[in-house]
Each structure stands twice: as C-alpha cells, then as structure tokens.
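Here is a protein to walk through step by step. Keep the structure in view while you read.

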Amino acid sequence: MTRRVSPLTLVIATVAALIGGGAVASPAAASPAPAPAPGGDAAVQQTVLRYDDSRAGEFQDAVAAGAAEWNAAVDNVELVPAEPGQRAEITVVATDGWPMATLGPVRPGGSATIWFGRQAVQQGHDTVRIAAHELGHNLGLPDVKPGPCSSLMSGSTGGVGCTNATPNRQERSRVEQLYGGGAAAQTPAAGTVVVDRP
Ligand SMILES: [Zn+2]
C-alpha cells in the first residue's frame, strides 16, 4: 500500500505549521512507501536466514539442533549457520540471565538476537528446547503460556522435564504463513524483545 500525501494535506500542514499547530503531524513523519519486492513475483520462495553462533558459548550444539528442528518442520524458511565474517540475521549470545529473544518475523537483511540465558538451564530446562523456543520468537511466534510440553512456545511452563523441541502443528503453520506468499506479502518484524522469565 502506497500512501500519498495530497497537495491539500500539504497545504493544511503548512498552514498549521505557520500558525504553530505543534500537534499536527508533519508530512515528514509519514512512513516512506515500501520498496517493491525484488522481481515482484509472489511465487513461494524459501527464505534463508543465517545465524551466528560464534558467541553462543556452550550452547552452539543446542542452537544447531534447535535450528534443525525448525528446518525439518517448515518449508518456507530455512536457518543456516553463517560462515565466519558473514552477516547473519540471527545472533546468538550466551548470557547469565533469563533467555530472551527478538520477536520477529526477522527478514533477510534484518536483525534479531537470542540471549541464551544460563538461568533457565541451571533450573533444569532443556537446552535444545530453549534454542528452538527462542528461534520461534525470531520467526515471529509469541509465547503461549501457560501451555503443555507439546507446545514449543509454552516455554518453561511446559515443565522442567520437558524436552520437546518440535513445534506443534499450529506453530508450524503460523511460521509457514509468516514466511509464505513472497516478500511482497511479508509484514515487517515487530522488533520487540521477549523475556522468558518463569
Ligand atoms: Zn518465550
């Protein structure tokens, strides 16, 4: 959708500015028109997102396993490890706090972070489930808490003994939807950070 500013609106805004109408939004505040999708082809195309686990410390294997869970579960997006020095959409950092993640859906060229908090691991939560859960946030899924172990996005409420790292049918279809339909149909990421504190 392209929003055009009519000449009349410009005149009104200018007059308002002249008379000191500070509450009137300036035309400059209007968001720029989105760039057209490259190629303009809405054919289903797999989105490839790179992740950088160079700062994931002892959780590198868990991150790879969590990414593999998503790759096995969905078709429209694939998570691949970034080569050294290569730009990554997803950066994983080991921390001493609670796990946190940027709420996506992160897009190619975008930026999302997972803070792989050791506090949840010390409480006994499964590292692969944590990785897949936080990746789920990057892919655009919010928490669904409380929830059963069969739900990936139920997170810690699935229980300390829960080792399920596989997204359920609803979680899979939501991600397929968020990454389906080609770039033109894709909504930008919210960019907020979700904290997985129990
Ligand atoms: Zn969460």
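Start with the overall numbers. Of the 198 residues of the protein, 34% count as buried. This is a predicted model. Now look at the contacts between residues at least 6 apart in sequence. Of these, 64% join residues at least 24 apart.

The protein has five helices and six strands. Trace them along the sequence and you get the pattern α-β-α-β-β-β-β-α-α-α-β.

Find β1, residues 47–55. β1 and β2 run parallel, and five bridges join them. How does the chain get from β1 to β2? It crosses through α2, and this β-α-β crossover is right-handed. Helix α2 spans residues 60–73.

β1 has another partner. β1 and β3 also pair in the parallel sense, this time over three bridges. Here aspartate 52 has threonine 91 in β3 as its bridge partner.

Turn to the inside. In soluble globular proteins, nonpolar side chains tend to be buried together. The largest nonpolar core here has 36 residues. Which members touch the most others? They are Val63 and Ala131. Several elements supply at least two residues each: β1, α2, β2, β3, β5, α4 and α5. The largest share, five residues, comes from α4.

Stay with alanine 131 for a moment. Leave aside its neighbours within four places in sequence. Alanine 131 is then in contact with Phe59, Ala62, Val63, Ala65 and Gly66.

Now visit strand β5, residues 112–117, and pick out isoleucine 114. Is isoleucine 114 buried or exposed? It has 28 other C-beta atoms within 10 Å. The cut-off for a buried residue is 20 or more, so isoleucine 114 counts as buried. What does it touch, not counting residues up to four places away in sequence? The list is Ile90, Val92, Ala101, Glu134 and Asn138. Take Glu134 from that list. Glutamate 134 is 20 residues from isoleucine 114 along the chain, yet their C-alpha atoms are separated by 6.4 Å.

Helix α5 is the next stop. It covers residues 169–178, and its buried residues are Glu171, Val175 and Leu178. Where do these three sit around the helix? They cover an arc of only 60° around the axis, so they lie on the same side of α5. An α-helix has 3.6 residues a turn, so residues three or four places apart point the same way. What covers the buried residues of α5? The cover includes β2, residues 77–81, and α4, residues 127–138.

One joins glycine 104 and proline 105, with omega at about 10°. Proline 105 is in the loop between β4 and β5. Another joins lysine 145 and proline 146, with omega at about -5°. Look for proline 146 in the loop between α4 and α5.

How values were computed. Residues are numbered from 1 along each chain as its sequence is written. This is a predicted model: local features need pLDDT of at least 70, side-chain atom pairs count only at pLDDT 80 or more; totals for chains, interfaces and linings use all residues. Helices (H or I, at least four residues) and strands (E, at least two) are DSSP runs, numbered from the N terminus. A residue is buried if 20 or more other C-beta atoms lie within 10 Å of its own, exposed if 12 or fewer, and partly exposed in between; C-beta atoms are placed from the backbone. Two residues are in contact if their C-beta atoms, placed from the backbone, lie within 7 Å. The arc is that of the directions from the helix axis to the C-beta atoms. A nonpolar core is a set of buried Ala, Val, Leu, Ile, Met, Phe, Trp, Tyr and Cys residues joined through C-beta atoms within 7 Å. Two strands pair if DSSP finds at least two bridges between them. A crossover is right-handed if, with the strands pointing away from the viewer, the path from the first strand over the helix to the second runs clockwise.
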